[in-house]
Structures are given as structure tokens and as C-alpha cells.
Amino acid sequence: MHRFIAAESGPHVALTALMHGNEYAGAIVLADLLRTQLRPRRGTLSLIFLNLEAFARFSCETPIRSRFVEEDMNRLWTNRSVSSSQEQRRVHQLLPYIETVDTLLDLHSMLWPGDSLLLAGPSPVGAELAADIGTPPLVVIDGGHMAGPRLIDMPHFTRPHGSARACLLEAGQHWSLDTLDVTRATVNRFLSVTGVTDASPRPVPASRIAHVTHRVLAQTGRFTFTQPYCSGTVIPERNTLIATDGPDEIRTPYDDCMLVMPNFRTARTHTAVRLARFEN
Ligand SMILES: [Zn+2]
């Protein structure tokens, strides 16, 4: 964790990378910021590499395995300890510090191809932050994971009338150069809109905002999509068959339904896809 404090007071702004050890585009961008010796104009800037132990296990032969060491770190952001895994210990170490952050962007990438997006949890201030960043221009708002709170779902960022804001970037597919470019553009924009850098942010077109309405869980080990859909695909017509799950048919519940991060290797009880409806 790297912290830089300006002479002039101001908010505490943080960027986090490597929540998942194999999603290293964010880490490359943070390493570049360290190399160029970026310093905040005011306030505090923290650059945090979250799961270094998982990243240390990255291998090109088995690139998916280093997502975590023992369990998914992005389901553990609570004070209530549920395990003593390596990830849980790291979260406990970081929690008190994260609770001093005013504005946070958590950098991720996706296993399957898809449009880049900013993900915000249930708090309206998180969605406002995502819209302020404005690049990528797609904002998806969801209610989190049943398996446990993500970093952006921490009470610090989601309590009613709280002012601390956080959102998450899904920059595109893991290990692609486009994903690195998107991450860099989004981080630059984030540093600008939060006042860390001098650049006054250029106006960008209004974001498109979509709310996750359904989380489709696989009920069998045979969940199969009807097409190789990319995340961000919009299905124009209600009641379109998008997948089968054993004997069940999965159909879109409304017109212009967006598929968010379809998972083509879904195990039973895992999320296969999220369905989202546009607000604008
Ligand atoms: Zn991730």
C-alpha cells in the first residue's frame, strides 16, 4: 500500500488493484503511477495492491487459478470474521484503512469478452461517482453478491446518508491490451474528477445507467447459453430464449434486456448471468 499526502488538505482518494490475483491490468496502471511519481495536488492518494499472494502465483499455463489463494477476496469485506483464510487476514489488515477513504475505484477485468462497465452497488453515491467518471459510459447498478460483501458494498460506502463513495471498473477481458487502455483511461479520468491531478475534467456524454433486476443462478450442471453472448449484449425482445438449464428455459423478462457478464463455465448454484434494465 502506497500513500501520498499533499500539503494542501483534501479528500482521501484510493485506487485498488489485484483484488483478483490474475486481473493485473489495474496493477500495471498503478505501477505506472508509482513510476511517474504522481503526487496528489491536495488531500491523500492511496494506491493499494490487494491480493499480492494470489498474484505471485500467476502462471500463463493456468492463468485462472491465481484469482485467489483460498477464497474470493471480493466477498469478505466485513468486520464479521467468517474464516481465517489468507484473503480474510488481508481484508482485516486493510479494513480500518479503507474506512478512512472518501472516494475509491476498484480495478477489475472479466474472464469472458464484453463491453467495459462501471459497477456500483446499492448506494446512490456510488452510482453518482460512476456517472461522474463517465468512462466507460456504461454504469451497472446491482445489489451485491449473496456470498458476501464486495469492497464497494462495505457499510462505509453504502450506509444511508453516508458520503464515502466507491465503484468498480470491469475494464474488459483479462490480459488484453484493450483492457489495459480502458483501465488507464478510466484511472486518468478518476484522478481528474476527484481533484487528485491538475487537469480539469473535460465534459463527457452522459453515461447509460442500467439496474440489475435478476440474478440467474444455475440450478443444474448443464446451464447452456443459446449463443456465445458478450457482456453488454442487449436483447431487444421480451421472452427471448437465452439459455437452458436442464429442463428449464431462461427467457428475457422485458424488452431491451442487457446481459451482464454471462458465465460460460457455470457450476450449480453459481451466477450464470445478470439481467439489467436501462434507466435512460
Ligand atoms: Zn475481479
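Visitor: Is leucine 111 buried, partly exposed or exposed, and why does it count as such?

Guide: Buried means under 20% relative accessible area, exposed over 50%, and partly exposed in between, with a 1.4 Å probe and protein chains only. Leucine 111 has 29% relative accessibility and therefore counts as partly exposed; leucine 111 belongs to the loop between S4 and strand S5 (117-120). This is a predicted model, in which local features need pLDDT of at least 70 and side-chain atom pairs count only at pLDDT 80 or more, whereas totals for chains, interfaces and linings use all residues. Residues are numbered from 1 along each chain as its sequence is written, and side-chain values use heavy atoms, with hydrogens and water left out.

Visitor: How are the faces of strand S4 to be read, and which residues lie on each side?

Guide: In a regular strand the side chains alternate between the two faces of the sheet. Strands, like helices, are DSSP runs numbered from the N terminus (strands E, at least two residues; helices H or I, at least four). In S4 (residues 103-110), eight of the eight residues are buried: Thr103, Leu105, Leu107 and Ser109 lie on one side, and Leu104, Asp106, His108 and Met110 on the other. In S5 both faces are covered, with Leu117 and Leu119 buried on one side and Leu118 and Ala120 buried on the other.

Visitor: Which strands does S4 pair with, and in what sense?

Guide: Strands of a sheet pair through backbone hydrogen bonds, either parallel or antiparallel; here two strands pair if DSSP finds at least two bridges between them. S4 runs parallel to strand S2 (residues 12-17), joined by four bridges, with alanine 14 opposite leucine 104. Seven bridges join S4 to strand S7 (residues 165-173), again in parallel, and there histidine 108 stands opposite glutamate 170. S5 pairs with S7 in the antiparallel sense over three bridges, where leucine 117 stands opposite glutamate 170.

Visitor: What coordinates the zinc ion, and at what distances?

Guide: Donors are N, O and S atoms within 2.8 Å of the metal (3.2 Å for Na, K and Ca), and since water is not among the atoms, sites may look incomplete. The zinc ion is coordinated by His20 (ND1), Glu23 (OE), Glu23 (OE) and His108 (ND1), at 2.1 to 2.5 Å. Histidine 20 lies in the loop between S2 and helix H1 (25-35) and histidine 108 in strand S4, so the pair ties together parts that are 88 residues apart in sequence. Both histidine 20 and histidine 108 are buried.

Visitor: Why is the arrangement of the donor atoms around the zinc ion irregular?

Guide: Four donors count as tetrahedral if all angles lie between 85 and 135 degrees; four count as square planar and six as octahedral if opposite donors are over 155 degrees apart and all others between 65 and 115, and anything else is irregular. The four donor atoms around the zinc ion subtend angles of 56 to 149 degrees, which makes the arrangement irregular.

Visitor: What is the order of the open sheet of three strands, and what is its pairing?

Guide: The order is S9-S11-S12, with antiparallel pairing. Strand S9 (223-225) and strand S12 (248-251) are at the edges with a single partner strand each, so one side of each is left without a neighbour in the sheet. S9 pairs with strand S11 (residues 241-245) over three bridges in the antiparallel sense, and phenylalanine 223 has aspartate 245 in S11 as its bridge partner.
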